[in-house]
Amino acid sequence: MSLDLNEVVRLLAAGNIPSPRLEARILLEHIGGSPFAEVDGEAEQKLRRLVERRLVHVPLDKLLGRREFYKNDFIVSEDVLTPRPDTEILVEKALAIAIKKLQKCGKDSQRFRILDLGTGTGAIALALASELKPIAQKQHIQPEIIGVDVMPNVVALATSNAEKNQLDVSFLQSHWFEKVTGTFDLIVSNPPYIDAKDEHLTQGDVRFEPLSALVAEEEGYADLRHIIANAPKFMRTGGYLLVEHGWQQGEKVRSIFQENFWTSIETLRDYGNNERVTLGCWAQTENK
């Protein structure tokens, strides 16, 4: 039996999948090369397996193995957290800071350096590289952007995404700062920040994300605290640290920044008007 667009739409609609016609077209194009293809044989079996997985709410990007984020197309896998729209808030603020700093850089200044901790797909680092490339070229500056992740297979995936998008970013296997050297103008991170007891871990798309990218000890604050406390050792004077966190964690995260002597502390809200990204400036002349 063959499968066509109308039949896939019917199956998805029966399973209460949002936008069944749009998703049916995407799945058909993925398998058959056209949203209007009619597939049979082995292709039909593959499509049915994808539909079955979608009906138990496996995210579409996990089925396709790809996701668009900040104008770039990324390979995704079950080992990495899928880039989400709210993370664009972190990228936008990091870009604003980086552009301002780059415009002040002279040709003979230190190389502008950015570090992305827990890079996953490499989405944040690669989005920054893509947007900063024309500005850096105009200033005759070559930014150095490094992404780190603890898992070697994730580092390999991020490297593949850099090659796929033809962007100059280096990726390093490291547990946070463990193998990082030198100092940076900008450090960014979307670390694990969910409490292991959080009921949302068993709901929605989050069920299909790797727990290692979601859950942190100390009620979700352990990795955030580690990053905020240790970043000064790797920060140039006047550099900024930006971290994404949970929607109810803003106040606590600001207090951790304050405890570690950061200045110009600020929290940004996401598209749902929830506190989502907190940043601080390292104003001291000597790193501790």
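# A first look at this predicted model

E23 lies in helix α2, which covers residues 20–32. Keep in mind from the start that this is a predicted model.

- E23 counts as buried because its relative accessibility is 9%, under the 20% cut-off.
- Leaving aside neighbours within four places in sequence, the contacts of E23 are L12, I17, P18, R54 and L60.
- S19 sits in the loop between α1 (5–14) and α2.
- The phi of S19 is positive, near 50°, and S19 is not a glycine.
- With a relative accessible area of 43%, S19 is partly exposed.

- Helix α6 runs over residues 123–138, which makes 16 residues.
- From first C-alpha to last, α6 reaches 24 Å, close to the 22 Å expected at 1.5 Å a residue.
- At L132 the helix α6 bends by about 45°, and the proline P134 follows within four residues.
- L132 is also one of the buried residues of α6, and the others are A123, I124, A125, L126, A127, L128, A129 and A136.
- After α6 comes H140, with a positive phi near 60°.

**The nonpolar cores**

- The largest nonpolar core holds 36 residues, and those touching the most other members are V91, L128, F171, L186, V188 and L242.
- Elements giving two or more residues to this core are α5, α6, α7 (152–164), β6 and β9 (275–282).
- Another core lies apart from the largest one; this other core has 27 residues, including V148, W176, Y193 and L224.

**A buried asparagine in a loop**

- N190 is found in the loop between β6 and α8.
- N190 is buried, since its relative accessible area is 15% and buried means under 20%.
- Neighbours within four places in sequence aside, N190 is in contact with L81, T87, L117, G118, I124 and E244.

**Salt bridges**

- Side chains of opposite charge can pair when their charged atoms come close.
- Across the whole structure, a search finds 18 salt bridges.
- R84 and E209 form one of them, with their closest N and O atoms 2.9 Å apart.
- This pair links distant parts of the chain, 125 residues apart: R84 is in the loop between β2 (72–75) and α5 (87–104), and E209 is in the loop between β6 (184–189) and α8 (222–230).
- R84 is partly exposed at a relative accessible area of 28%, whereas E209 counts as buried at 6% relative accessibility.
- Another salt bridge brings together the side chains of R67 and D61, at 2.9 Å from N to O.
- R67 counts as partly exposed at 23% relative accessibility, while D61 counts as buried at 10%.
- D270 and R276 also form a salt bridge, and their closest N and O atoms are 2.9 Å apart.
- Both D270 and R276 are buried.

- Strand β1 (residues 66–69) runs antiparallel to β2, and 4 bridges join the two strands.
- R66 has I75 in β2 as its bridge partner.
- The hairpin of β1 and β2 has 2 residues between the strands, and Y70 in this hairpin takes a positive phi near 50°.

- Most residues other than glycine have a negative phi.
- E219 is not a glycine, yet its phi is positive, about 60°.
- E219 is found in the loop between β6 and α8, and N190 is found in the loop between β6 and α8 as well.
- E219 is exposed because its relative accessible area is 59%, over the 50% cut-off, whereas N190 is buried at 15%.

Key
Residues are numbered from 1 along each chain as its sequence is written. This is a predicted model: local features need pLDDT of at least 70, side-chain atom pairs count only at pLDDT 80 or more; totals for chains, interfaces and linings use all residues. Side-chain values use heavy atoms; hydrogens and water are left out. The expected span of a helix is 1.5 Å times one less than its number of residues. The bend at a residue is the angle between axes fitted to the seven residues ending there and the seven starting there. Buried means under 20% relative accessible area, exposed over 50%, partly exposed in between (1.4 Å probe, protein chains only). A salt bridge is a side-chain nitrogen of Lys or Arg within 4 Å of a carboxyl oxygen of Asp or Glu. A nonpolar core is a set of buried Ala, Val, Leu, Ile, Met, Phe, Trp, Tyr and Cys residues joined through side-chain atoms within 4.5 Å. Contact means heavy atoms within 4.5 Å. Two strands pair if DSSP finds at least two bridges between them.
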